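Student: Could we go through the charged side chains together? I would like to learn how they pair.

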Amino acid sequence: MGLWVINELKRDICPFLSFPEIVSLAKQSTFSETVNVNSKTFLSPMNMKKAFDDTLTTKPSCVGDYFRCATASLAQGYKEALEELSAITGKTFKKLFIYGGGAKNSLLNEMTEEACGIPVVARPLEASSIGNLKVQMRAYYKKRK
């Protein structure tokens, strides 16, 4: 799961706020409960806020609480994914590289670093587009041969 959860919460709760404003509110929050963002509940709910409300034992009291919960939950999900990857490959990872839109979310990067126990390196937003283009070009030229 990725920023889908945060994007959908923004749409449901505060479409008028910018992402930097949302991150600022989440940083001010002390809400500590998390959810399993990989649960089917969060895959494609009609309303992401309702999915959080129905799952959490303590209802968030403000916008920042929802986004702190979502951010901490994503960080926990990344930790679990990294542990699974490590178990499957037998490799230990010393750094986690974040590409794309998530790289701009400082709170998500901080929480992911804390949850995973390794440094998070945020790369430019354009990096995911460049990588996508590279893969497409490689496939195109392979086809032509």
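Tutor: Let's start with Asp53 and Lys49, whose side chains meet in a salt bridge (2.9 Å, N to O); the term means a side-chain nitrogen of Lys or Arg within 4 Å of a carboxyl oxygen of Asp or Glu. This is a predicted model, in which local features need pLDDT of at least 70 and side-chain atom pairs count only at pLDDT 80 or more, while totals for chains, interfaces and linings use all residues. Residues are numbered from 1 along each chain as its sequence is written, and side-chain values use heavy atoms, leaving out hydrogens and water.

Student: In which helix do Asp53 and Lys49 both lie?

Tutor: Helices are DSSP runs of H or I with at least four residues, numbered from the N terminus. Asp53 and Lys49 sit four residues apart, about one turn of the helix. The helix that holds both is H3 (residues 48-55).

Student: Lys50 forms a salt bridge with which residue?

Tutor: Side chains of opposite charge can pair when their charged atoms come close. For Lys50, the closest N and O atoms of the pair are 2.7 Å apart.

Student: Is Asp54 buried or exposed?

Tutor: Buried means under 20% relative accessible area, exposed over 50%, and partly exposed in between (1.4 Å probe, protein chains only). Asp54 has a relative accessible area of 55%, so Asp54 is exposed.

Student: How many salt bridges does the structure hold?

Tutor: Asp12 also forms one with Arg11, with the closest N and O atoms 3.9 Å apart. For the structure, the number is five.

Terms used:
Helix = DSSP H or I, 4+ residues; strand = E, 2+ residues; numbered from the N terminus.
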